[in-house]
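Q: I have a model open and want to go through it piece by piece. Can you help me read it?

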Amino acid sequence: MTGKIIDGNAIAERIKKEIRDEIEKLKKKHNGSPCLTAVCIGENPATKVYVKNQKQTCEEVGIEYGMEQLDGKIKEEELLGKINELNKSDRITGIIIQMPVPNHINARKIQMSVAPDKDVEGMTPPNLGNLVYAGINPVVAPCTALSVVECLKSTGVELKGKETVIVGHSEIVGKPVTLMLLSSLLESVTPTVCHIATRDLTSYTKRAEILIVAVGKAGLIKGDMVKDGAIVIDVGINRVNVKDEKGNDVIDEKTGKQKKKTVGDVVFEDAVKRASFITPVPGGVGAVTTVLLLKNVLHLWKMRLGEPDITYKIL
Ligand code: NAD
């Protein structure tokens, strides 16, 4: 069997168009626009690139993008005060705290200080808490977990009762995705969560009809760890050295540096031969995650405007 590729870029384009159309309609009706504000603490080259891309994607769908660049030495109290100001601003629809934050700042405390009705990342306790209640459609949810669900739903396969193994139990992926997939609104799969302390990982992955991997270790899931016909969702993003056919590192002729590439946690070339559906890396989960942040902004805006239907259609 050769698995069908779940095309994250195509899913992302479809969702982006839906968001753009809806924002355009709402702008006409309400005479305003949604605004996402990024909070950057200190200077970080990777964050700069990320913020630039985020700004561009927001503008493509009609979301204004603002940035609060704060000094890397800012005291935690002052930062909390700043976020409180943003929480109160009528102009701002959503707030995103760019990670990583400097070591002297407690990232979790900062994340939790964002008002739940501006929490575009769906990471505050009230928003995460709504995932626990079966039958409640959350307004916002963590984007990567939502992306996993979108990728699964795009296969058209009925999920109900399916033996589902989630590898990784982080707060941003493994735990929320498990809660979402348990939801009766999503047909209730039968999940098992594996993590660093799991003994004999293969015995779990081999029986998974749906295998979701979010660890951050290239090559963790080998082809023979995948059940025939499984749906494989690879969340991992890893930068690894490019090797030649003899296994030697390849040097980039232009830069003189080691050539690198992005891979997931699953050995794609082998797993694709067993899976029924599989997400590639790049071009899978990550591509969809980016636009779901925009969808969260839209949902928060609709909530503010008092528009009906402020829930996730996929749930
Ligand atoms: P994390 O470090 O917070 O969590 C890693 C998880 O993997 C933990 O639950 C840990 O117990 C588990 N783990 C570690 N080693 C293991 C092993 N040998 N066997 C089984 N489980 C093991 O990571 P995270 O923030 O959840 O991110 C996971 C991966 O997903 C990373 O590669 C990250 O870059 C990627 N990611 C991708 C997206 C996206 O949109 N595609 C978004 C967020 C994170």
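A: Start with a term: contact means heavy atoms within 4.5 Å. This is a predicted model, in which local features need pLDDT of at least 70, side-chain atom pairs count only at pLDDT 80 or more, and totals for chains, interfaces and linings use all residues. Residues are numbered from 1 along each chain as its sequence is written, and side-chain values use heavy atoms, with hydrogens and water left out.

Q: OK, which residues does L70 touch, not counting residues up to four places away in sequence?
A: L70 touches V39, C40, I41, G42, L79 and K82.

Q: And where is L70 found?
A: L70 is in strand β3, residues 64-70. Helices (H or I, at least four residues) and strands (E, at least two) are DSSP runs, numbered from the N terminus.

Q: Is L70 buried or exposed?
A: L70 counts as buried because its relative accessibility is 10%. Buried means under 20% relative accessible area, exposed over 50%, and partly exposed in between (1.4 Å probe, protein chains only).

Q: How far are the C-alpha atoms of L70 and V193 separated?
A: By 38 Å, with the two residues 123 apart along the chain.

Q: New topic. What order do the strands have in the open sheet of six?
A: The order is β1-β11-β8-β7-β5-β6, and the pairing is parallel. The edge strands, β1 (4-5) and β6 (190-194), each pair on one side only. Two strands pair if DSSP finds at least two bridges between them.

Q: What do strands pair through?
A: In a sheet they pair through backbone hydrogen bonds, either parallel or antiparallel.

Q: How many bridges join β7 to β8?
A: Four, between residues 210-213 of β7 and residues 231-234 of β8. One partner pair there is L211 with V232.

Q: And β8 with β11, how many bridges?
A: Two, again in the parallel sense, with β11 covering residues 277-278. I231 has F277 as its bridge partner in β11.

Q: Which residues of β8 are buried on its faces?
A: I231 and I233 are buried on one side, V232 and D234 on the other. In a regular strand the side chains alternate between the two faces of the sheet.

Q: Which strands does helix α6 lie across?
A: Helix α6 (residues 143-153) lies across β7 and β8, at about 150° to β8. Helix α7 (residues 174-182) also packs on the sheet, touching β5 (163-167), β6 and β7, and its direction makes about 165° with that of β5. Axes are lines fitted to C-alpha atoms, for helices over the stretch in contact, and angles run from 0 to 180 degrees between N-to-C directions.

Q: At what angle do α6 and α7 pack?
A: About 45°, with their axes 8 Å apart. That makes α6 oblique to α7. Angles under 35 degrees count as roughly parallel, over 145 as roughly antiparallel, 65 to 115 as roughly perpendicular and the rest as oblique.

Q: Which residues meet there?
A: A145, L146, V148, V149 and L152 in α6 meet P176, V177, M180 and L181 in α7.
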